[in-house]
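I opened this entry to look up the ligand site and the pocket around it. My notes follow the order in which I checked things.

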Amino acid sequence: MAKVLVIADIKQGVLKGSTAELLSKAKAIGAQTAVVAVGSNIESLSSELANAGSDTQYIADDPSLELFSAGPFAACVVDAAKQFAANQIWFGFSESGKAVAPRVAAQLNAACASEITDVTLDGDQIEVVRPAIAGKVIQRIKVNTEQLVAVVRAGAFEATEGITGTENVVKLAAPEADLKAVIKELISDASGEIDLADADIVISVGRGAKDQAGVDLVKELANDLTAGFGASRAMVDGGFMAHNKQVGQTGKIVAPSLYMAFGISGAIQHLAGMNGSKVILAVNKDPEAPIFNVADYGIVGDLFEVVPVLREEIKKIKS
Ligand code: FAD
């Protein structure tokens, strides 16, 4: 039987939705499931992790693990993977997951694949599916090692209602301090803005917004809808938006319930970051803009006229 170890994605003591999504997928392929949680003051998460579908919870809870550091985090995952005899080790798509996964794979001499959108099992043979060349092709990869370390794309799997596991906690010893790199302080983005990765609605702005006034106009719509606010690279390079707001191949990959693109042409590098969204709405004044090829709904028009109308209609619905 396949044994899948899922790495819990915990942010400021809160379990993120990707953990339940990965556990649901593991159950769906008939795997035995375990989860590894690393942090400080996180023991209370064990029942939540069991309810999300894990049969065993490996918990490394130590004050030294409060601030994320890839070395010690990887040591905890490797420890859990060995104890559980995991043949698949799944990370959600996060900066920490991307930093830790290759270290774990190297230490276990396992295959490592990122941006996974599907995993299938044929007997003991593991096959993974991932987009490549900015989404132009889909690769199906047969894994020749006994173990696979996978970083799963945001939104690739869905959490299933009614899945449960068993509360069976195994405490992991805190790893040795990483002498190569010591995290002294974590400076978080204090803007209070919604993290693109967590947002159920993402609104992005492109070069069609022209300048800061255009960006601010679209941002007001994002505020009305409590949406994450992102941008194409053109607006990041132009200095109108911070780099952590860039959606695309070299930015964030998002898969919200609704993605709204304003004044974005739909270059392949942008699409690579958002074409997994459940519903896509595009506003562009060029009817031939490639973004309309992936959009479920399209408005051919000037965003400076469309955004105020949308805001007005949303206000009516809300009142
Ligand atoms: P444009 O392509 O200039 O499009 C602007 C659009 O706005 C046009 O379609 C136009 O019709 C429309 N428009 C103009 N005025 C209005 C108006 N008033 N109302 C409505 N519509 C209007 N890009 C990313 O976004 N993310 C990435 O991660 C990324 N990574 C890259 C990596 C590499 C290696 C390379 C080479 C490029 C990458 N790019 C990335 C850049 C990408 O190729 C495009 O250049 C970029 O996405 C274009 O941004 P845009 O759509 O905002 O601008």
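**Pocket and ligand**

I began with the second largest pocket of this predicted model, which has a lining of 27 residues. Arg207, Ser232, Gly263, Ile264 and Ser265 are the lining residues that lie nearest its centre. I noted a volume of about 460 Å³ for the second largest pocket.

Next I sorted the lining by class and got eight nonpolar, 14 polar and five charged residues. I then looked for the secondary structure elements behind the lining: helix 6, helix 7, strand 16 (279–284) and helix 9 each give at least two residues to it.

Where is the ligand? I found it sitting in the second largest pocket.

I turned to the shell around the ligand, which holds 25 residues. Arg207, Ser232, Thr250, Ser265 and Gln269 come nearest to the ligand. By class I listed six nonpolar, 14 polar and five charged residues in this shell. Helix 6 (233–237), helix 7 (268–271) and helix 9 (303–318) each contribute at least two residues to the shell.

- A side-chain N or O atom of Thr250 is 2.6 Å from a nitrogen atom of the ligand.
- A polar atom in the side chain of His270 lies 2.9 Å from an oxygen atom of the ligand.
- For Gln249 I recorded a backbone N or O atom at 3.0 Å from a ligand oxygen atom.

Last, I checked how much of the ligand is covered: taken alone it exposes 990 Å², and the protein buries 76% of that.

How values were computed:
Residues numbered from 1 in each chain as written. Predicted model: local features only at pLDDT ≥ 70, side-chain atom pairs only at ≥ 80, totals over all residues. Heavy atoms only, no water. Near = heavy atom within 4 Å. Polar contact = N/O pair within 3.5 Å; in protein donor to acceptor, adjacent residues only side chain to side chain. Areas by Shrake-Rupley, 256 points an atom, 1.4 Å probe, with all protein chains shown as cover. 1 Å grid on protein atoms, 1.4 Å probe; cavity = no way out; pocket = protein on both sides within 12 Å on 5 of 7 lines; lining within 4 Å. Sits in = over half its atoms within 2 Å of the grid points. Helix = DSSP H or I, 4+ residues; strand = E, 2+ residues; numbered from the N terminus. Nonpolar A, V, L, I, M, F, W, Y, C, P; charged D, E, K, R; others polar. Points joined across faces, edges and corners; volume = space filled by probe spheres on them.
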